[in-house]
Amino acid sequence: MEKYLEGLDERVIEILKDEGIEDLYPPQKEAIPLVLSGEDLVMAVPTASGKSLVAYLGIVKKILEEGGKALYIVPLKALAREKYEDLLRFRRLGLKVAISTGDLTRSDPRLARYDIIVCTSEKADSLIRHGSRWLTDISVVVADEIHLLNDPGRGPTLEIVLSILKKMNPDLQIIALSATIKNAEDIANWLHAKLVKSEWRPVKLKEGVYYKGSIEFSDGSTKVIDAKPDPITSLVRDCLEEDGQVLVFVNTRKSTSSLAKKLRTITKEYLSREDLERLKRFAEEILSLPEETTSLDTDLARCIEDGVAFHHAGLSSESRRIVEDGFRERSIKCIVATPTLAAGVNIPARRVIIRDLWRYELGLGMHPIPVLEYKQQAGRAGRPKYDDEGEAITIARDRQQKSRIMKDYILGEPEPIYSKLGSEPILRFHILSSIASGFTMSRESLLDFFSSTFYAYQSDIALLEDVIDRVLDFLEENGFIERFGDRIEATMFGEKVSKLYLDPLSAIYIKRAIERASPEGEPAISYLQVICFTPDMKSLYLRSDDYWVEEKLDAIKDHILMNIPPVYSEDYEMFLSSLKTAHLLQDWIDEVPEAEICSRYDVGPGDIRNIVELAEWLIHAMRELARIYRFDLVRDLNDLLLRVRYGCKKELLDLVRLKGVGRVRARALYNAGFKTINSLRKVPLERLASIPSIGRKIALSIKKQVGEDLGVRDLG
Ligand SMILES: Nc1ncnc2c1ncn2[C@@H]1O[C@H](COP(=O)(O)OP(=O)(O)OP(=O)(O)O)[C@@H](O)[C@H]1O
Ligand SMILES: [Mg+2]
């Protein structure tokens, strides 16, 4: 190993050995000397083959030797945490590591003090928009899971970020990590990088199809499995029988919980006394995390007590973390998850069962998943340090399907990836930001910039020219930019919108709405409806039994701050769905219990969090624009922002500033006669502790907060 790490600080070898890394894998042996000599690199190798380590070593070498900063870009927050925790090992070398994934409307000045920053692509984009000065110090950037350039949602942002950073810092070293894809050469050529490509995997991954009581693997081997009572139960039991853990992927959230519940009777049989104790603690933690629990939390806690869990985006991020940790500690024997768990995470699954090779797609109906996604799901099985061999198993209904799965998925080649930058909504967002941050100042420089993107590499910049011109006209007509001869500049409005990370179209809706608002103010629902109509909100779908939404419209018609689209138009449907989402938020700020919101709108606590987080951002943006155009609304919007953040009526806004006091405890205090923080001084501790949902621990903390050490929460 030493031979390949030549030139690196000697302590690195110690750090690796402490982590149980005694030797390097063949693809690492090929890639590491390249990154250590400063080359740009694209590494396209199978799952679990230790790509991250190559990036870590490249970072360490660069920073210790040449200084500067490293940016490690990942697609998801959960992955950011994993990488951040890995990178903390290098603190021993004096390197300071930070993670930054939150608030996209602010610069994060503390980051100037760190050497290595782990962030999502959106956060990197936002940091660029805020013109943080240290960006020019970045000497090495890692793009993890770079095949996601293909993703219509996240891809373009990553593409823009990489293109800008490359332009900004011509000496920048780029290390891009990819799953095996058909056209890794394209990415390497685009980045002018060396390519390391391999099919080698450190832990053998056997892929097979289950059909009628037996698994047929691609290497020709077979395994007979008791077919009763049904394939999944038997496959799970078979793996637990051999002390392995199982991860099952299904295509809907509902299936994750219903299947997990069904598997409880199986997993239960494989728990040691120690497991049972730990599981009990995990279950308690799930139930005690928030002030209020929903049926999703209770279901999850019950499953966990029996050694099985479900995992999807409807769960709160805290619950998801407990599930992942419990699985890593090996007490949770089986997770049933949606494919969000498939991207890059390390968990000890001996066997992955992929139940569904299709999923519902808007406009397309049921659609087969790409091979790339199948491979990512399969690749969670058999991770180094955890298992010596992994298995990925799909289930066939008939003989014909069995051979199709074998041919198309198991032996199939992952698809090539294509840039998704070319669409108008995406371009208007990024073009405004590139002008507002002073990065491009003319049509010429804009074209020049876009000709350096992956999109231009793959197609033809001429195709983009028309779209770019249309976007420029749109931005000019709507007051985001001004043109002076050849020069293009952002207006104050344009600059503000770019920093608020808003889609320009959202900004137009928001600005029109505040201009329209009555000087006497408007009810909360008016503002909430507008932000829910913007393309930046992920509105709820309208279901056939949602006629109540339209019924409620009559009462508030006069307070709607946009032109209501004609009935039966496509926009009308969007309008109703914005109104439905706005009602969810209205319930939230009226203190309707979370459990009730979940059943009323058929969502999970994680969905409420997501909508609330987006609403907080958009109301914040609305308030910031009101500072320019309608100062008289700022106070109301500020109250609304806080109500959305805490999910409460205005009268609780003082109490919820206390740490450990959310809307439920604040309501209990309020109902007990304590209406302000001030009123909590001088109350005997026992009296406070006796209030429902408060208890001694919280009472003590409140006392501490109202005493000398008044650590109230930042009101932002
Ligand atoms: N040379 C090595 N020896 C032993 N373990 C290693 C070695 N290199 C990496 N590992 C371990 O292998 C595991 C998988 O590594 P990593 O997450 O980097 O895989 P990956 O290639 O990024 O996979 P994916 O495509 O699924 O994201 C990690 O736990 C890592 O610590
Ligand atoms: Mg990875």
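For the classes used here, Ala, Val, Leu, Ile, Met, Phe, Trp, Tyr, Cys and Pro count as nonpolar, Asp, Glu, Lys and Arg as charged, and the others, Gly among them, as polar. This is a predicted model, in which local features need pLDDT of at least 70 and side-chain atom pairs count only at pLDDT 80 or more, while totals for chains, interfaces and linings use all residues. Residues are numbered from 1 along each chain as its sequence is written, and side-chain values use heavy atoms, with hydrogens and water left out.

**Second largest pocket**
- A pocket is an open set of points on a 1 Å grid over the protein atoms alone, with protein on both sides within 12 Å along at least five of seven lines, and its lining residues have an atom within 4 Å of a point.
- The second largest pocket is lined by 40 residues, with S52, E82, D86, N346 and R383 nearest its centre.
- Its lining divides into 18 charged, 11 polar and 11 nonpolar residues.

**Largest cavity**
- A cavity is a set of such grid points where a 1.4 Å probe fits but cannot get out.
- The largest cavity is lined by I73, V74, P75, S121, D144, E145, L148, R154 and L158, of which five are nonpolar, one polar and three charged.

**Nonpolar cores**
- A nonpolar core is a set of buried (under 20% relative accessible area, 1.4 Å probe, protein chains only) Ala, Val, Leu, Ile, Met, Phe, Trp, Tyr and Cys residues joined through side-chain atoms within 4.5 Å.
- The largest core has 120 residues, and those with the most contacts (heavy atoms within 4.5 Å) inside it are I187, I431, F450 and L528.
- Another core, lying apart from it, has 106 residues, including I13, V250, F327 and I395.

Key
Chains are lettered from A and ligands numbered from 1 in the order in which they are written. Buried means under 20% relative accessible area, exposed over 50%, partly exposed in between (1.4 Å probe, protein chains only).
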